[in-house]
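Visitor: I would like to learn how to read a helix and a cavity in a model. Please take them in turn.

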Amino acid sequence: MRNLTIKEMKDGFSNKEFSPVEIARDYLNRIEEFNELNAFITVTEEIALKQATIAEQKYLAGEQTGILEGVPISYKDNLYTKGIRTTSGSKIEEDFIPDVDAGIVSKLQREGAVNLGKVNMHEYAFGITSDNPFYNPVKNPWNTAYTPGGSSGGSGAAVAASLCAASIGTDTAGSIRIPAASTGIVGLKPTHGLIVDTNVRNISWSLDHIGPLTKNMSDLGIMMDAMTGADYSSSLSEDIRGLRIGVPKNYFNDLIENDTAELYAEALKNLEKLGAILIEVDIPFSQADLAYSLSIGIAEAGYVHEKFITESIDLYGRDVKASLEFSHSILALDYIKALKRKKEVFSNFEDLFTNVDILATPTMADTTKKIGETKFEINGVMDSTFNAMIRLPAVFNFTGQPALSLPCGIASNGLPVGLQLASSAFNEITLLQAGYAYEQAFLGAFYEEREKRLMK
């Protein structure tokens with residue numbers, strides 16, 4: 001039953017083929033079975049079964065049900081959950097129990113979602129490996145020697161390994177799309193501000209986004225329906241004939257690992273087979289803009305964490321501590337320059353999207369790396385794991401425009417590779433349509449292989 005799509009799950013509930021309680025127990029048993037992945041920090045078994053029972057009673061009584069009625073999901077542990085420990089992956093807040101829910105948690109609970117628990121993450125979402133020093137590293141279900149990416153690594157591992165039907169993550173520099181690409185699933189960073197973000201332990205209010213991670217595009221559409229109140233799922237179409245797809249001439253094809261480059265090129269050909277029109281475009285972004293983005297993120301994190309930095313600096317993990325100590329050295333003038341540049345780049349990309357409907361790029365420059373690996377060689381050039389993983393997805397945190405990652409194949413090392421699609425602000429529907437069309441035409445064999453490998 002863990003291979004069911006969300007629609008199949010809800011249809012099964014309605015037709016009395018199985019119950020929300022049965023499904024919840026099935027997922028809870030699998031979470032326990034695959035504890036070695038360290039995907040969860042807190043499992044909320046009692047709450048999940050109570051919520052599943054309420055959903056079951058609604059189906060039995062023929063009452064009106066929510067979009068996610070009885071569907072078991074998980075939440076990244078920096079999203080507040082009332083009465084449930086919310087650590088943000090930290091030692092400092094290991095016993096923090098909020099008295100309110102995050103806005104998105106409240107919304108999904110109203111739609112009937114069943115909360116299986118809080119998933120592991122990079123400490124305070126301040127990194128891209130989910131190598132957590134306090135709750136143990138999250139492991140990639142494709143190969144447990146490797147990271148699932150981060151900072152929403154627990155979300156990626158949990159969805160890929162069928163420990164939940166979907167998960168809610170956060171994304172500051174690729175932290176939804178990196179785990180999606182690294183674990184062979186689907187992840188969307190919506191337009192900045194589209195998803196309500198109250199009561200979240202953020203890094204950067206200028207760069208942070210909330211979004212869903214799912215196994216497939218139809219599930220992603222339903223999650224977006226529930227998260228926004230709009231209708232995405234019924235608009236999914238396999239017909240993208242005439243869709244103008246921008247193919248970058250620069251930046252997104254700089255220093256890309258060979259397998260990734262080949263699978264990306266194949267994905268472009270496949271999109272063209274579907275009737276899309278490929279158009280080469282110049283990208284209005286550079287390494288200097290990536291540096292501006294990091295300046296904004298680190299400066300705002302220093303403000304958010306000011307109290308903890310003053311009182312508890314030695315309780316941070318080593319990598320997060322170093323970044324937060326550096327945050328106080330960023331000049332106000334540099335921060336203002338970075339914000340000004342952010343507006344300019346957003347405007348430049350919006351202009352670009354008048355000539356193409358979406359951009360297609362690799363999600364990352366290479367596949368995910370081994371746990372603890374901080375540097376590696378890519379095409380004869382040494383690069384840091386951090387830079388290689390954020391360099392491409394972080395562009396759209398800086399601009400705030402929506403970006404989607406979905407699988408486009410498996411590299412020679414046996415790990416998945418992601419395709420990133422981006423569009424103009426608040427044009428998520430075009431991304432979902434393109435992703436769905438690509439999935440339906442070309443990802444059947446990939447999904448079969450993923451389930452064969454991960455559904456042990």
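Helix α3

Guide: This is a predicted model. A helix can be checked by its length: helix α3 (residues 45-61) has 17 residues, which at 1.5 Å a residue should span 24 Å, and its end C-alpha atoms are 24 Å apart, so the two agree.

Visitor: Which residues of α3 are buried?

Guide: Buried means under 20% relative accessible area. In α3 that holds for A48, L49, Q51, A52, A55 and Y59. Seen down the axis of α3, these buried residues fall within an arc of 165°, so they line one face of the helix.

Visitor: Which residues are exposed on the other side of α3?

Guide: There, E46, K50, L60 and A61 are exposed.

Visitor: What covers the buried residues of α3?

Guide: The cover includes the helices α1 (6-14), α2 (20-33) and α4 (103-110), together with strand β3 (114-119).

Visitor: What follows α3?

Guide: G62 comes next, and its phi is positive, near 70°.

The second largest cavity

Visitor: How many cavities of 30 Å³ or more are there?

Guide: A cavity is a space where a 1.4 Å probe fits but cannot get out. The count is three cavities of 30 Å³ or more. The second largest cavity holds about 50 Å³ of space.

Visitor: Which residues line the second largest cavity?

Guide: Its lining consists of A181, T260, T363, M364, D366, T367, P416, V417 and G418. Strand β13 (residues 416-423) gives the largest share of that lining, three residues. By type, the lining has four nonpolar residues, four polar and one charged.

Terms used:
Residues numbered from 1 in each chain as written. Predicted model: local features only at pLDDT ≥ 70, side-chain atom pairs only at ≥ 80, totals over all residues. Heavy atoms only, no water. 1 Å grid on protein atoms, 1.4 Å probe; cavity = no way out; pocket = protein on both sides within 12 Å on 5 of 7 lines; lining within 4 Å. Points joined across faces, edges and corners; volume = space filled by probe spheres on them. Helix = DSSP H or I, 4+ residues; strand = E, 2+ residues; numbered from the N terminus. Nonpolar A, V, L, I, M, F, W, Y, C, P; charged D, E, K, R; others polar. Expected span 1.5 Å × (residues − 1). Buried < 20%, exposed > 50% of the residue type's maximum accessible area, 1.4 Å probe, protein only. Arc of directions from axis to C-beta. Contact = heavy atoms within 4.5 Å.
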